[in-house]
Amino acid sequence: MTERYEVVVVGGGAAGLSAALVLGRARRHTLVVDAGEPRNAPAAHLQGFLTRDGMPPAEFLAEGRREIERYGVDLVRGRVVDVVQGGLGAFELTLAGGRTVQARRLVVATGLADELPPVPGVAERFGRDVLHCPYCHGWEVRDEAFGVLASSAMSVHQALMVSQWSKDVTLFLHTIGEDELTDDDRRRLAAAGVTVVSGEVAGLVVNDDRLTGVRLADGTTRDRSVLFVAPRAVPRTDLLERLGAELRETPFGTYPVVDETGRTTVPGVWAAGNAIGLAEQLVNAASRGYRAGAAINADLLFADLDAAGDPAASSEAENADERV
């Protein structure tokens, strides 16, 4: 039997749980479908979230699940493999395993995946001493010997940014040619005291389970205790694409077009968190989820009031539910 909800939230990270919390407190019959793949899983602690600074990500999510449960929000571990839109904003979602649920409104908070540079050792140490965000981890590794693994023109920007947390920074150009550096790049790198090293990086040097250096293809090594990388962001837009949402190309991936509340171009569908952009840090994602939840509650409220004043519309809405 297909279960019916007012709202289904796809994704149980900060954005999805925040949206569900608002909806639960608004007495909306809500389901969260969580595939259990949080982007920050490799990190030991989260930072920069007021009152939660230093909390382990798994503990943060567990607390969020406990909070939404208090308001009657259902949560299921699973993955949405298909979604079909019916009339008047009704949706039917199919989960892996065959279970189906219906919703009047959707929140897509599926986030993104980090595709790491294919350098031996990088994936194994990601989130420990191979890092990507100085705002997330810079304080904890301040004043150590930093390396930055170049993977695009934006790597110069990354090297300049991390110099705020250490004055010992080496930019490994890796597959980027020296001729690709602009005059402004060279001037700024010199002003920041960043050392530039040409040549491809072959791997990492690890001793006693700690990063101690970066090994180049020519066999030489440079002592480093922290390496910053820039993963390629891969937005999880499958469901939005199935629904026909308008997407936009950015330098950091393809994301849905949304308004200030996260409403997509598909009626009845909102998106939040890293599903709408790379720069949505944890605290921003939670804020976006809150906005989406409040907007959906208001949308449902006024839709129901309008339908109550128009018996024909109310009857048509009921028939739409039957057709999904």
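So, the hairpin between β12 and β13: there are 2 residues between the two strands, and Asp 208 in the turn has a positive phi of about 50°. When I say strand or helix, I mean DSSP runs numbered from the N terminus, with helices being H or I of at least four residues and strands being E of at least two. Before I go on, this is a predicted model, where local features need pLDDT of at least 70, side-chain atom pairs count only at pLDDT 80 or more, and totals for chains, interfaces and linings use all residues. Residues are numbered from 1 along each chain as its sequence is written, and side-chain values use heavy atoms, with hydrogens and water left out.

β12 and β13, the latter being residues 210–216, pair antiparallel over 6 bridges; two strands count as paired if DSSP finds at least two bridges between them.

β13 and β14 make a hairpin with 4 residues between them, and here Gly 219 in the turn has the positive phi, about 95°. These two strands also run antiparallel, joined by 3 bridges, and Val 214 sits opposite Arg 222 in β14.

Put together, that's an open sheet of 3 strands, antiparallel, in the order β12-β13-β14. β12 (201–207) and β14 (221–223) are the edges with a single partner strand each, so one side of each has no neighbour in the sheet. The twist averages 30° from one strand to the next, with axes as lines fitted to C-alpha atoms, for helices over the stretch in contact, and angles from 0 to 180 degrees between N-to-C directions.

OK, salt bridges. How many does the structure hold? It's 20, counting a side-chain nitrogen of Lys or Arg within 4 Å of a carboxyl oxygen of Asp or Glu.

Take Arg 242 and Asp 82, at 3.0 Å, N to O. Arg 242 is in helix α7 (residues 238–243) and Asp 82 in strand β4 (residues 80–85), so this pair ties together parts 160 residues apart in sequence. Arg 242 is exposed at 51% relative accessibility, while Asp 82 is partly exposed at 27%. The cut-offs there: buried is under 20% relative accessible area, exposed is over 50%, partly exposed is in between, with a 1.4 Å probe and protein chains only.

Next, Asp 299 and Arg 105, whose closest N and O atoms are 2.6 Å apart. That one links helix α8 (residues 282–308), which holds Asp 299, to strand β6 (residues 100–108), which holds Arg 105, 194 residues apart. Asp 299 is partly exposed at 22%, but Arg 105 is buried at 8%.

Last stop, the surface. Leu 301, Phe 302 and Leu 305 form a nonpolar patch with about 300 Å² of accessible area together. Leu 301 is in helix α8 and is partly exposed at 38%.

Key: Patches are made of residues with over 30% relative accessible area and no salt bridge: like charges are joined within 9 Å, nonpolar side chains (Val, Leu, Ile, Met, Phe, Trp, Tyr) within 5 Å. Accessible areas come from the Shrake-Rupley method with a 1.4 Å probe; for residues, only the protein chains shown count as cover.
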